[in-house]
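Here is a short briefing on one model. The points below are grouped by topic.

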Amino acid sequence: MHIDWAALGQVFGVSVVVTVGLVGVFTLGIVGTSRPAGGAAPRVLARSGAYACFALCAAAVGYGIFLIVG
């Protein structure tokens, strides 16, 4: 049995980078929905950005499921 350690390392590296990035985006979404902003316009902008972060997370999860099922 031969293990391709270089390919295994690449998969591990990409997995770590994508996981940390996705957790960071989700954290930005949580921060955007939890902190009250100064006025009405910044509040709407923060909430819209938070929803965009959550949509990006949902798209990444959906793409992962697509890759696994397909």
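Ile30 counts as partly exposed because its relative accessibility is 40%; buried means under 20% relative accessible area, exposed over 50%, and partly exposed in between (1.4 Å probe, protein chains only). Ile30 belongs to helix α1. Helices are DSSP runs of H or I with at least four residues, numbered from the N terminus.

This is a predicted model: local features need pLDDT of at least 70, side-chain atom pairs count only at pLDDT 80 or more, and totals for chains, interfaces and linings use all residues. Residues are numbered from 1 along each chain as its sequence is written, and side-chain values use heavy atoms, with hydrogens and water left out.

**Helix spans**

- Helix α1 covers residues 5-34, which is 30 residues. From first to last C-alpha it reaches 43 Å, close to the expected 44 Å. The expected span is 1.5 Å times one less than the number of residues.
- Helix α2 covers residues 40-69. Its 30 residues should span 44 Å at 1.5 Å a residue, and its end C-alpha atoms are 43 Å apart, so the two values agree.

**Packing of α1 and α2**

- Two packed helices are described by the angle between their axes and the distance between the axes.
- The axes of α1 and α2 come within 8 Å and cross at roughly 150°. Therefore α1 is roughly antiparallel to α2.
- Axes are lines fitted to C-alpha atoms, for helices over the stretch in contact, and angles run from 0 to 180 degrees between N-to-C directions. Angles over 145 degrees count as roughly antiparallel.
- The α1 and α2 crossing is left-handed, meaning that the near helix is turned anticlockwise from the far one by less than a right angle.

**Buried residues and the contact**

- In α1, the buried residues are Val25, Gly29 and Gly32. They pack against α2.
- In α2, Ala50, Cys53 and Cys57 are buried. The buried residues of α2 pack against α1.
- On the α1 side, the contact includes Leu22, Phe26 and Thr33. On the α2 side, it includes Ala46, Arg47 and Ala60. Contact means heavy atoms within 4.5 Å.
- The residues of this contact divide into 12 nonpolar, 3 polar and 1 charged. Ala, Val, Leu, Ile, Met, Phe, Trp, Tyr, Cys and Pro count as nonpolar, Asp, Glu, Lys and Arg as charged, and the others, Gly among them, as polar.

**Selected residues**

- Ile30 and Leu67 are 37 residues apart along the chain, and their C-alpha atoms are separated by 27 Å.
- Gly21 lies in α1. Its relative accessibility is 36%, so Gly21 counts as partly exposed. Gly21 and Gly9 are 12 residues apart in sequence and 18 Å apart, C-alpha to C-alpha.
- Ala58 sits in α2. Ala58 is partly exposed, with a relative accessible area of 49%.

Definitions and conventions
Helix = DSSP H or I, 4+ residues; strand = E, 2+ residues; numbered from the N terminus. Parallel < 35°, antiparallel > 145°, perpendicular 65-115°, else oblique.
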